[in-house]
Amino acid sequence: MNAPSRICLALAAFGTALSPVALSAQAAQPEPSAQNNQGPQTAQNPLGIPTDVAMFGKTDPNVRTATAVVNGYVITGTDIDQRVALVTAASDAPVPEAEMQRLRMQVLRNLIDETLQIQEAASQEIVPTPAEINQTYARVASQNFGQDMAAMSAYLTSIGSSEAALKRQIEGELAWQRLLRRDIAPFINVSEEEVTELANRLEAARGTDEYRVAEIYLSTTPETEAAVRENAARIIEQLRQGGSFAAYARQFSEASTAAVGGDLDFVRLAQLPSELSTAVSQMQPGQLVGPIAIPGGLSIVYLLDKRQILTADPRDALLSLKQISITFAPDVNEATAAARVEEFTGAINSMRGCGDAERVAATIGASVVTNDQIRARSLPETLQQPLLALQVGQTTPPFGSVADGVRVLMLCGRDDPEATTGVDVEQIMDRLAEERIGKRAQRYLRDLRNDAYIVYN
(Lines give C-alpha, C1' and ligand atoms only; values in the text may rest on other atoms or scores of the structure.)
Protein backbone atom coordinates (compact mmCIF):
# COMPACT_ATOMS: atom_id res chain seq x y z
CA MET A 1 0.00 0.00 0.00
CA ASN A 2 1.44 3.42 -0.88
CA ALA A 3 2.05 6.21 1.63
CA PRO A 4 -1.05 8.30 0.76
CA SER A 5 -3.26 5.25 1.33
CA ARG A 6 -1.73 4.66 4.77
CA ILE A 7 -2.35 8.28 5.69
CA CYS A 8 -6.01 8.08 4.61
CA LEU A 9 -6.53 4.96 6.70
CA ALA A 10 -4.98 6.61 9.74
CA LEU A 11 -7.26 9.63 9.38
CA ALA A 12 -10.33 7.40 8.97
CA ALA A 13 -9.44 5.47 12.12
CA PHE A 14 -8.95 8.76 14.01
CA GLY A 15 -12.36 10.04 12.93
CA THR A 16 -14.24 6.90 13.99
CA ALA A 17 -12.48 6.83 17.33
CA LEU A 18 -13.90 10.20 18.49
CA SER A 19 -17.49 11.32 18.97
CA PRO A 20 -18.89 14.42 17.17
CA VAL A 21 -18.76 16.34 20.48
CA ALA A 22 -15.14 15.50 21.00
CA LEU A 23 -14.32 16.47 17.43
CA SER A 24 -15.97 19.90 17.73
CA ALA A 25 -14.26 20.50 21.05
CA GLN A 26 -10.93 19.60 19.56
CA ALA A 27 -11.55 21.93 16.64
CA ALA A 28 -12.28 24.81 19.00
CA GLN A 29 -9.30 24.27 21.31
CA PRO A 30 -6.50 22.36 19.57
CA GLU A 31 -3.93 20.78 21.82
CA PRO A 32 -0.72 22.82 22.03
CA SER A 33 1.28 19.62 22.22
CA ALA A 34 -0.14 18.47 18.90
CA GLN A 35 0.99 21.74 17.31
CA ASN A 36 4.46 21.42 18.80
CA ASN A 37 4.70 17.84 17.58
CA GLN A 38 4.17 18.83 13.93
CA GLY A 39 7.27 17.84 11.99
CA PRO A 40 8.97 20.42 9.75
CA GLN A 41 8.54 20.10 6.01
CA THR A 42 11.97 19.11 4.75
CA ALA A 43 13.40 17.10 1.87
CA GLN A 44 13.47 14.09 4.20
CA ASN A 45 9.96 14.76 5.53
CA PRO A 46 8.09 16.59 2.73
CA LEU A 47 4.67 16.01 4.32
CA GLY A 48 5.68 17.40 7.70
CA ILE A 49 4.50 14.24 9.50
CA PRO A 50 5.00 14.30 13.31
CA THR A 51 8.04 12.40 14.56
CA ASP A 52 6.11 10.25 17.07
CA VAL A 53 3.15 8.98 15.04
CA ALA A 54 0.54 7.03 17.04
CA MET A 55 -1.35 4.40 15.04
CA PHE A 56 -5.00 3.78 15.93
CA GLY A 57 -5.93 0.13 15.72
CA LYS A 58 -3.81 -2.77 14.61
CA THR A 59 -2.60 -2.44 11.03
CA ASP A 60 -0.22 -4.97 9.60
CA PRO A 61 -0.17 -4.83 5.78
CA ASN A 62 1.65 -8.16 5.69
CA VAL A 63 -1.20 -10.03 7.40
CA ARG A 64 -4.18 -9.91 5.06
CA THR A 65 -5.60 -11.62 2.03
CA ALA A 66 -3.12 -10.80 -0.73
CA THR A 67 -5.54 -10.05 -3.56
CA ALA A 68 -6.44 -6.86 -5.36
CA VAL A 69 -8.65 -5.34 -8.03
CA VAL A 70 -6.62 -3.07 -10.34
CA ASN A 71 -8.79 -0.74 -12.41
CA GLY A 72 -11.41 -3.51 -12.49
CA TYR A 73 -9.00 -6.42 -13.17
CA VAL A 74 -9.00 -9.03 -10.40
CA ILE A 75 -5.71 -10.47 -9.16
CA THR A 76 -6.62 -13.66 -7.32
CA GLY A 77 -4.84 -15.65 -4.66
CA THR A 78 -4.27 -18.34 -7.27
CA ASP A 79 -2.48 -15.81 -9.48
CA ILE A 80 -0.13 -15.02 -6.61
CA ASP A 81 0.38 -18.68 -5.66
CA GLN A 82 1.35 -19.64 -9.20
CA ARG A 83 3.71 -16.70 -9.68
CA VAL A 84 5.35 -17.36 -6.30
CA ALA A 85 5.89 -20.95 -7.43
CA LEU A 86 7.90 -19.67 -10.41
CA VAL A 87 10.21 -17.79 -8.04
CA THR A 88 10.61 -20.48 -5.40
CA ALA A 89 11.25 -23.19 -8.01
CA ALA A 90 14.42 -21.28 -8.95
CA SER A 91 15.80 -21.80 -5.43
CA ASP A 92 17.34 -25.03 -4.22
CA ALA A 93 16.45 -24.22 -0.62
CA PRO A 94 12.94 -24.08 0.89
CA VAL A 95 11.60 -20.61 1.64
CA PRO A 96 10.86 -20.03 5.36
CA GLU A 97 7.25 -19.25 6.23
CA ALA A 98 8.03 -15.69 7.36
CA GLU A 99 9.91 -15.04 4.14
CA MET A 100 7.10 -16.61 2.11
CA GLN A 101 4.61 -14.01 3.36
CA ARG A 102 6.94 -11.19 2.34
CA LEU A 103 7.54 -12.87 -0.99
CA ARG A 104 3.79 -13.04 -1.63
CA MET A 105 3.43 -9.32 -0.93
CA GLN A 106 6.27 -8.50 -3.32
CA VAL A 107 4.76 -10.72 -6.01
CA LEU A 108 1.43 -8.97 -5.53
CA ARG A 109 3.13 -5.62 -6.12
CA ASN A 110 4.75 -7.03 -9.26
CA LEU A 111 1.42 -8.35 -10.52
CA ILE A 112 -0.16 -4.94 -9.96
CA ASP A 113 2.61 -3.28 -11.98
CA GLU A 114 2.27 -5.91 -14.70
CA THR A 115 -1.49 -5.36 -14.85
CA LEU A 116 -1.03 -1.60 -15.12
CA GLN A 117 1.45 -2.11 -17.96
CA ILE A 118 -0.90 -4.43 -19.86
CA GLN A 119 -3.85 -2.07 -19.33
CA GLU A 120 -1.90 0.97 -20.48
CA ALA A 121 -0.67 -0.85 -23.58
CA ALA A 122 -4.23 -2.00 -24.37
CA SER A 123 -5.49 1.57 -24.04
CA GLN A 124 -2.97 2.46 -26.74
CA GLU A 125 -4.22 -0.48 -28.88
CA ILE A 126 -1.11 -2.54 -28.22
CA VAL A 127 -2.26 -6.09 -27.46
CA PRO A 128 0.07 -9.08 -28.02
CA THR A 129 -1.77 -11.80 -29.94
CA PRO A 130 -2.07 -15.37 -28.60
CA ALA A 131 0.18 -16.49 -31.46
CA GLU A 132 2.92 -14.06 -30.39
CA ILE A 133 2.65 -15.12 -26.75
CA ASN A 134 2.77 -18.80 -27.75
CA GLN A 135 5.82 -18.16 -29.91
CA THR A 136 7.70 -16.67 -26.95
CA TYR A 137 6.48 -19.50 -24.72
CA ALA A 138 7.83 -22.01 -27.26
CA ARG A 139 11.18 -20.22 -27.27
CA VAL A 140 11.39 -20.49 -23.49
CA ALA A 141 10.53 -24.19 -23.78
CA SER A 142 13.28 -24.69 -26.36
CA GLN A 143 15.82 -23.10 -24.04
CA ASN A 144 14.87 -25.29 -21.10
CA PHE A 145 13.15 -28.44 -22.39
CA GLY A 146 14.51 -28.98 -25.90
CA GLN A 147 11.45 -27.49 -27.63
CA ASP A 148 9.13 -29.84 -25.73
CA MET A 149 6.32 -27.49 -24.69
CA ALA A 150 4.34 -30.34 -23.15
CA ALA A 151 7.28 -31.12 -20.87
CA MET A 152 7.53 -27.50 -19.76
CA SER A 153 3.79 -27.28 -19.11
CA ALA A 154 3.97 -30.47 -17.04
CA TYR A 155 6.90 -29.04 -15.09
CA LEU A 156 5.03 -25.82 -14.36
CA THR A 157 2.06 -27.81 -13.05
CA SER A 158 4.36 -29.97 -10.91
CA ILE A 159 5.81 -26.94 -9.10
CA GLY A 160 2.38 -25.43 -8.43
CA SER A 161 2.37 -22.93 -11.27
CA SER A 162 0.75 -23.10 -14.69
CA GLU A 163 1.17 -22.40 -18.37
CA ALA A 164 -1.31 -19.52 -18.00
CA ALA A 165 0.79 -17.86 -15.27
CA LEU A 166 3.92 -17.84 -17.39
CA LYS A 167 2.03 -16.67 -20.47
CA ARG A 168 0.54 -13.78 -18.47
CA GLN A 169 4.06 -12.71 -17.54
CA ILE A 170 5.12 -13.00 -21.18
CA GLU A 171 2.11 -10.91 -22.23
CA GLY A 172 3.08 -8.18 -19.78
CA GLU A 173 6.66 -8.02 -20.99
CA LEU A 174 5.69 -8.01 -24.68
CA ALA A 175 3.03 -5.33 -24.20
CA TRP A 176 5.22 -3.02 -22.12
CA GLN A 177 8.27 -3.30 -24.39
CA ARG A 178 6.18 -2.55 -27.47
CA LEU A 179 4.58 0.42 -25.76
CA LEU A 180 7.99 1.80 -24.85
CA ARG A 181 9.29 1.24 -28.38
CA ARG A 182 6.32 3.10 -29.91
CA ASP A 183 5.64 5.91 -27.44
CA ILE A 184 9.03 6.58 -25.84
CA ALA A 185 11.87 5.29 -28.00
CA PRO A 186 11.10 7.55 -31.03
CA PHE A 187 11.44 10.62 -28.81
CA ILE A 188 14.80 9.62 -27.31
CA ASN A 189 17.61 11.65 -28.85
CA VAL A 190 21.26 10.69 -28.75
CA SER A 191 23.46 13.30 -30.37
CA GLU A 192 26.43 12.60 -32.58
CA GLU A 193 28.58 14.57 -30.13
CA GLU A 194 27.58 12.27 -27.26
CA VAL A 195 28.42 9.17 -29.29
CA THR A 196 31.74 10.62 -30.43
CA GLU A 197 32.66 11.57 -26.87
CA LEU A 198 31.89 8.08 -25.56
CA ALA A 199 33.67 6.45 -28.51
CA ASN A 200 36.79 8.50 -27.77
CA ARG A 201 36.64 7.45 -24.14
CA LEU A 202 36.34 3.80 -25.17
CA GLU A 203 39.28 4.09 -27.52
CA ALA A 204 41.34 5.67 -24.75
CA ALA A 205 40.33 2.80 -22.48
CA ARG A 206 41.31 0.07 -24.97
CA GLY A 207 42.70 -2.93 -23.10
CA THR A 208 41.17 -1.99 -19.76
CA ASP A 209 38.52 -4.11 -18.07
CA GLU A 210 34.78 -3.99 -18.57
CA TYR A 211 32.27 -6.00 -16.59
CA ARG A 212 29.04 -7.81 -17.35
CA VAL A 213 26.94 -6.94 -14.34
CA ALA A 214 23.50 -8.06 -13.21
CA GLU A 215 21.56 -6.07 -10.63
CA ILE A 216 18.56 -6.19 -8.36
CA TYR A 217 17.58 -2.61 -7.51
CA LEU A 218 15.25 -1.85 -4.59
CA SER A 219 14.14 1.75 -4.09
CA THR A 220 14.11 3.23 -0.59
CA THR A 221 13.09 6.31 1.32
CA PRO A 222 14.50 7.31 4.72
CA GLU A 223 11.39 5.79 6.29
CA THR A 224 11.57 2.46 4.42
CA GLU A 225 15.34 1.95 4.22
CA ALA A 226 15.57 -0.39 7.21
CA ALA A 227 12.74 -2.62 5.97
CA VAL A 228 14.08 -2.66 2.41
CA ARG A 229 17.59 -3.49 3.64
CA GLU A 230 16.15 -6.39 5.62
CA ASN A 231 14.31 -7.59 2.52
CA ALA A 232 17.52 -7.31 0.46
CA ALA A 233 19.38 -9.41 3.02
CA ARG A 234 16.74 -12.15 2.73
CA ILE A 235 17.00 -12.11 -1.09
CA ILE A 236 20.79 -12.42 -0.86
CA GLU A 237 20.43 -15.36 1.52
CA GLN A 238 18.10 -17.11 -0.92
CA LEU A 239 20.49 -16.45 -3.82
CA ARG A 240 23.42 -17.87 -1.89
CA GLN A 241 21.38 -20.97 -1.18
CA GLY A 242 21.02 -21.60 -4.91
CA GLY A 243 18.29 -19.23 -6.09
CA SER A 244 18.40 -18.03 -9.68
CA PHE A 245 19.59 -14.42 -9.84
CA ALA A 246 17.70 -13.83 -13.09
CA ALA A 247 14.45 -15.16 -11.59
CA TYR A 248 14.75 -13.01 -8.47
CA ALA A 249 15.67 -9.95 -10.55
CA ARG A 250 12.59 -10.40 -12.74
CA GLN A 251 10.32 -10.56 -9.67
CA PHE A 252 11.93 -8.09 -7.25
CA SER A 253 14.08 -5.56 -9.10
CA GLU A 254 12.56 -2.14 -9.70
CA ALA A 255 15.06 -1.29 -12.43
CA SER A 256 14.18 -1.43 -16.12
CA THR A 257 16.59 -4.36 -16.46
CA ALA A 258 14.20 -6.59 -14.47
CA ALA A 259 12.65 -7.86 -17.72
CA VAL A 260 16.03 -9.32 -18.79
CA GLY A 261 16.91 -10.82 -15.43
CA GLY A 262 18.79 -7.76 -14.22
CA ASP A 263 21.47 -8.03 -16.93
CA LEU A 264 23.20 -4.69 -17.62
CA ASP A 265 25.40 -6.27 -20.31
CA PHE A 266 29.06 -5.19 -20.41
CA VAL A 267 29.75 -1.83 -18.76
CA ARG A 268 32.80 0.12 -17.74
CA LEU A 269 33.29 1.15 -14.13
CA ALA A 270 32.79 4.80 -15.09
CA GLN A 271 29.26 3.98 -16.30
CA LEU A 272 28.21 2.73 -12.86
CA PRO A 273 27.39 4.76 -9.75
CA SER A 274 30.57 5.26 -7.74
CA GLU A 275 29.29 2.98 -4.97
CA LEU A 276 28.76 0.12 -7.44
CA SER A 277 31.96 0.71 -9.41
CA THR A 278 34.04 0.39 -6.24
CA ALA A 279 32.42 -2.96 -5.40
CA VAL A 280 32.46 -4.35 -8.95
CA SER A 281 36.15 -3.53 -9.44
CA GLN A 282 36.98 -5.95 -6.62
CA MET A 283 34.65 -8.78 -7.74
CA GLN A 284 35.36 -11.96 -9.66
CA PRO A 285 32.90 -13.58 -12.12
CA GLY A 286 30.29 -15.56 -10.22
CA GLN A 287 30.53 -13.37 -7.12
CA LEU A 288 27.49 -11.81 -5.40
CA VAL A 289 27.73 -8.59 -3.38
CA GLY A 290 25.19 -6.45 -1.55
CA PRO A 291 23.13 -4.73 -0.48
CA ILE A 292 25.00 -1.63 -1.61
CA ALA A 293 23.55 1.79 -0.81
CA ILE A 294 23.23 4.01 -3.90
CA PRO A 295 21.24 7.22 -4.42
CA GLY A 296 17.55 6.34 -4.12
CA GLY A 297 17.88 2.76 -3.01
CA LEU A 298 19.88 -0.42 -2.58
CA SER A 299 21.50 -2.69 -5.15
CA ILE A 300 22.40 -6.37 -5.12
CA VAL A 301 25.10 -7.00 -7.71
CA TYR A 302 26.16 -10.21 -9.45
CA LEU A 303 29.22 -10.25 -11.73
CA LEU A 304 28.49 -12.46 -14.74
CA ASP A 305 31.67 -11.91 -16.72
CA LYS A 306 34.72 -9.72 -17.26
CA ARG A 307 36.71 -8.82 -20.39
CA GLN A 308 39.00 -6.17 -21.84
CA ILE A 309 37.65 -3.27 -23.90
CA LEU A 310 38.20 -3.44 -27.68
CA THR A 311 40.38 -6.53 -27.28
CA ALA A 312 39.68 -9.90 -28.90
CA ASP A 313 38.88 -12.47 -26.23
CA PRO A 314 39.42 -16.19 -26.95
CA ARG A 315 36.24 -16.90 -24.97
CA ASP A 316 34.28 -15.16 -27.74
CA ALA A 317 35.19 -18.04 -30.06
CA LEU A 318 32.15 -19.67 -31.67
CA LEU A 319 32.32 -23.42 -31.03
CA SER A 320 30.71 -26.42 -32.68
CA LEU A 321 30.26 -29.10 -30.03
CA LYS A 322 28.87 -32.58 -29.63
CA GLN A 323 27.72 -33.52 -26.14
CA ILE A 324 27.90 -37.27 -25.57
CA SER A 325 26.25 -38.49 -22.37
CA ILE A 326 25.01 -41.48 -20.43
CA THR A 327 22.46 -41.70 -17.63
CA PHE A 328 21.93 -44.15 -14.77
CA ALA A 329 18.93 -45.91 -13.29
CA PRO A 330 17.71 -44.36 -10.02
CA ASP A 331 18.58 -47.52 -8.06
CA VAL A 332 22.01 -48.15 -9.62
CA ASN A 333 24.69 -49.34 -7.20
CA GLU A 334 28.20 -47.91 -7.00
CA ALA A 335 29.94 -50.86 -8.65
CA THR A 336 27.57 -50.90 -11.63
CA ALA A 337 27.89 -47.14 -12.06
CA ALA A 338 31.68 -47.32 -11.97
CA ALA A 339 31.70 -50.08 -14.60
CA ARG A 340 29.36 -48.05 -16.80
CA VAL A 341 31.62 -44.98 -16.56
CA GLU A 342 34.66 -47.11 -17.43
CA GLU A 343 32.85 -48.49 -20.51
CA PHE A 344 31.83 -44.95 -21.49
CA THR A 345 35.38 -43.62 -21.13
CA GLY A 346 36.78 -46.44 -23.23
CA ALA A 347 34.24 -45.81 -25.99
CA ILE A 348 35.03 -42.09 -26.03
CA ASN A 349 38.75 -42.81 -26.35
CA SER A 350 38.05 -45.06 -29.35
CA MET A 351 36.20 -42.39 -31.34
CA ARG A 352 37.84 -41.25 -34.57
CA GLY A 353 36.69 -37.67 -34.63
CA CYS A 354 33.29 -36.03 -34.77
CA GLY A 355 32.05 -38.12 -37.68
CA ASP A 356 32.40 -41.27 -35.59
CA ALA A 357 30.55 -39.97 -32.51
CA GLU A 358 27.03 -41.18 -33.32
CA ARG A 359 28.19 -44.68 -34.32
CA VAL A 360 30.25 -45.27 -31.17
CA ALA A 361 27.60 -43.70 -28.90
CA ALA A 362 24.97 -46.08 -30.27
CA THR A 363 27.08 -49.11 -29.31
CA ILE A 364 26.98 -48.17 -25.61
CA GLY A 365 23.53 -46.58 -25.45
CA ALA A 366 24.84 -43.02 -25.13
CA SER A 367 23.03 -40.00 -26.51
CA VAL A 368 24.54 -37.28 -28.72
CA VAL A 369 23.41 -33.65 -28.89
CA THR A 370 24.99 -31.25 -31.41
CA ASN A 371 25.27 -27.47 -31.02
CA ASP A 372 27.30 -25.60 -33.61
CA GLN A 373 26.54 -22.03 -32.44
CA ILE A 374 27.77 -21.72 -28.87
CA ARG A 375 30.15 -19.12 -27.47
CA ALA A 376 32.89 -20.42 -25.22
CA ARG A 377 32.10 -17.75 -22.62
CA SER A 378 28.51 -19.00 -22.30
CA LEU A 379 29.73 -22.32 -20.90
CA PRO A 380 30.52 -22.93 -17.21
CA GLU A 381 33.84 -21.31 -16.36
CA THR A 382 35.44 -24.64 -15.40
CA LEU A 383 34.87 -25.92 -18.97
CA GLN A 384 35.96 -22.84 -20.93
CA GLN A 385 39.73 -23.21 -20.77
CA PRO A 386 39.77 -27.03 -21.24
CA LEU A 387 37.61 -26.64 -24.37
CA LEU A 388 39.71 -23.81 -25.79
CA ALA A 389 42.79 -26.02 -25.40
CA LEU A 390 41.29 -28.84 -27.52
CA GLN A 391 41.94 -29.63 -31.17
CA VAL A 392 39.05 -30.58 -33.45
CA GLY A 393 37.95 -34.14 -32.72
CA GLN A 394 39.22 -34.15 -29.13
CA THR A 395 37.03 -34.35 -26.03
CA THR A 396 37.03 -33.03 -22.49
CA PRO A 397 37.52 -35.50 -19.65
CA PRO A 398 34.22 -37.06 -18.48
CA PHE A 399 32.31 -34.92 -15.97
CA GLY A 400 29.00 -35.10 -14.09
CA SER A 401 27.51 -37.41 -11.48
CA VAL A 402 25.36 -40.52 -11.14
CA ALA A 403 22.32 -38.33 -10.42
CA ASP A 404 22.84 -35.93 -13.34
CA GLY A 405 24.52 -38.27 -15.79
CA VAL A 406 28.10 -38.36 -17.08
CA ARG A 407 29.09 -36.61 -20.29
CA VAL A 408 31.92 -35.28 -22.42
CA LEU A 409 32.09 -32.40 -24.89
CA MET A 410 33.77 -33.01 -28.25
CA LEU A 411 35.12 -30.06 -30.23
CA CYS A 412 33.99 -30.24 -33.86
CA GLY A 413 34.80 -26.70 -35.00
CA ARG A 414 35.99 -23.32 -33.79
CA ASP A 415 35.73 -19.83 -35.26
CA ASP A 416 38.02 -17.47 -33.34
CA PRO A 417 36.91 -13.86 -32.83
CA GLU A 418 38.36 -11.27 -35.14
CA ALA A 419 40.64 -8.64 -33.69
CA THR A 420 38.71 -5.50 -32.81
CA THR A 421 39.84 -2.56 -34.95
CA GLY A 422 37.56 0.19 -33.70
CA VAL A 423 34.53 1.29 -31.76
CA ASP A 424 31.04 0.14 -32.78
CA VAL A 425 29.23 3.49 -33.06
CA GLU A 426 25.78 1.93 -33.51
CA GLN A 427 26.26 -0.16 -30.36
CA ILE A 428 27.17 2.95 -28.39
CA MET A 429 24.12 4.81 -29.67
CA ASP A 430 21.85 1.87 -28.81
CA ARG A 431 23.26 1.65 -25.29
CA LEU A 432 22.78 5.35 -24.57
CA ALA A 433 19.24 5.19 -25.94
CA GLU A 434 18.38 2.13 -23.84
CA GLU A 435 19.57 3.86 -20.68
CA ARG A 436 17.30 6.83 -21.37
CA ILE A 437 14.35 4.64 -22.30
CA GLY A 438 14.78 2.80 -19.00
CA LYS A 439 14.63 6.02 -17.00
CA ARG A 440 11.53 7.21 -18.87
CA ALA A 441 9.90 3.81 -18.34
CA GLN A 442 10.38 4.07 -14.58
CA ARG A 443 8.69 7.47 -14.51
CA TYR A 444 5.89 6.19 -16.77
CA LEU A 445 5.13 3.27 -14.43
CA ARG A 446 5.26 5.55 -11.40
CA ASP A 447 2.62 7.78 -12.98
CA LEU A 448 0.43 4.75 -13.75
CA ARG A 449 0.61 3.71 -10.10
CA ASN A 450 -0.35 7.19 -8.95
CA ASP A 451 -3.42 7.26 -11.21
CA ALA A 452 -4.52 3.67 -10.59
CA TYR A 453 -7.73 2.69 -8.81
CA ILE A 454 -6.71 -0.29 -6.64
CA VAL A 455 -8.90 -2.10 -4.13
CA TYR A 456 -7.28 -4.62 -1.79
CA ASN A 457 -9.37 -7.55 -0.55
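Keep in mind that the model is predicted.

**H10 and H11**
- Helix H10 covers residues 225-240 and helix H11 covers 245-252; their axes sit 10 Å apart, at an angle of about 155°.
- That angle is over 145°, so H10 counts as roughly antiparallel to H11.
- The crossing of H10 past H11 is right-handed.
- On the H10 side, Ile 235, Gln 238 and Leu 239 make the contact, and they meet Phe 245, Tyr 248 and Phe 252 of H11.
- Sorted by class, that contact has five nonpolar residues, one polar and no charged ones.

**H8 and H16**
- Helix H8 (163-183) packs against helix H16 (425-451) at about 115°, with the axes 11 Å apart.
- That makes H8 roughly perpendicular to H16.
- H8, too, goes past H16 in a right-handed crossing.
- Trp 176, Leu 179 and Leu 180 of H8 touch Ile 437, Ala 441, Tyr 444, Leu 445 and Leu 448 of H16.
- This contact has eight nonpolar residues, with no polar and no charged ones.

**The second largest pocket**
- The second largest pocket holds about 1,400 Å³ of space.
- Its lining takes in 45 residues, and nearest the centre are Gln 143, Ser 244, Ala 246, Ala 247 and Arg 250.
- H8 and H11 turn up again here: they are among the elements that each give at least two residues to the lining, as are strands E3 (209-219) and E6 (297-308).
- By class, the lining is made of 24 nonpolar, 11 polar and 10 charged residues.

Conventions. Residues numbered from 1 in each chain as written. Predicted model: local features only at pLDDT ≥ 70, side-chain atom pairs only at ≥ 80, totals over all residues. Heavy atoms only, no water. Axes fitted to C-alpha atoms, helices over the stretch in contact; angles between N-to-C directions. Helix = DSSP H or I, 4+ residues; strand = E, 2+ residues; numbered from the N terminus. Parallel < 35°, antiparallel > 145°, perpendicular 65-115°, else oblique. Left-handed = near helix turned anticlockwise from the far one by under 90°. Contact = heavy atoms within 4.5 Å. Nonpolar A, V, L, I, M, F, W, Y, C, P; charged D, E, K, R; others polar. 1 Å grid on protein atoms, 1.4 Å probe; cavity = no way out; pocket = protein on both sides within 12 Å on 5 of 7 lines; lining within 4 Å. Points joined across faces, edges and corners; volume = space filled by probe spheres on them.
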